[in-house]
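Here is a short briefing to read alongside the model. Let's start with the metal site and move on to charged pairs.

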Amino acid sequence: MISKKDIRRLRAHLTKEKKKLERQMKKLQFVDFGDDIDSGEEESDKVEEMVTNTAISSVLQERLKGINDALARIGSGTYGVCKNCGKEISVRLLGVDPESQVCQNCKMKHGKNSG
Ligand SMILES: [Zn+2]
């Protein structure tokens, strides 16, 4: 059973991560594309930068979603329960991956390189 102390620790960690992500996303939004998009060569650089930022921002959004999910599950008391098999997720796994929604077993079964 995950203790309240563990949950508090993980929630603090998640909240910190969330703030960090939100800061990073704000930074991306304020990237200055400047008024100097006159020369063609520089322009393509800027476009590339923009594409990269978009990719980064979608990764950040994805992570933020996972963190929000985890925080919501902490709020509703379902945190730490595998959504696949309903078994408890070990504190150890949550310590490594606080956003995890499945237990170690299911994680291994599903794998990352299938599909
Ligand atoms: Zn499971």
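The zinc ion is held by Cys82 (SG), Cys85 (SG), Cys103 (SG) and Cys106 (SG), at 2.3 Å (donors are N, O and S atoms within 2.8 Å of the metal, or 3.2 Å for Na, K and Ca; water is not among the atoms, so sites may look incomplete). This is a predicted model, in which local features need pLDDT of at least 70 and side-chain atom pairs count only at pLDDT 80 or more, while totals for chains, interfaces and linings use all residues. Residues are numbered from 1 along each chain as its sequence is written, and side-chain values use heavy atoms, with hydrogens and water left out.

**Zinc site**
- The four donor atoms subtend angles of 104 to 115°, which makes the arrangement tetrahedral (for four donors, all angles lie between 85 and 135 degrees).
- Along the chain, the donors follow the spacing C-x2-C-x17-C-x2-C.
- Both Cys82 and Cys103 are buried (under 20% relative accessible area; exposed is over 50%, partly exposed in between, with a 1.4 Å probe and protein chains only).

**Salt bridges**
- The count comes to five salt bridges (a side-chain nitrogen of Lys or Arg within 4 Å of a carboxyl oxygen of Asp or Glu).
- Arg63 and Glu99 pair at 2.9 Å, N to O; Arg63 is partly exposed at 32% relative accessibility, whereas Glu99 is buried at 16%.
- Glu17, Lys20, Arg63 and Glu99 are linked in a network of salt bridges.
- Asp97 and Lys107 meet at 2.7 Å, N to O; Asp97 is partly exposed at 25%, and Lys107 is partly exposed at 29%.
- Asp6 and Arg9 also form a salt bridge, at 3.1 Å, N to O, and Asp6 counts as buried at 17% relative accessibility.

Terms used
Four donors count as tetrahedral if all angles lie between 85 and 135 degrees; four count as square planar and six as octahedral if opposite donors are over 155 degrees apart and all others between 65 and 115; anything else is irregular.
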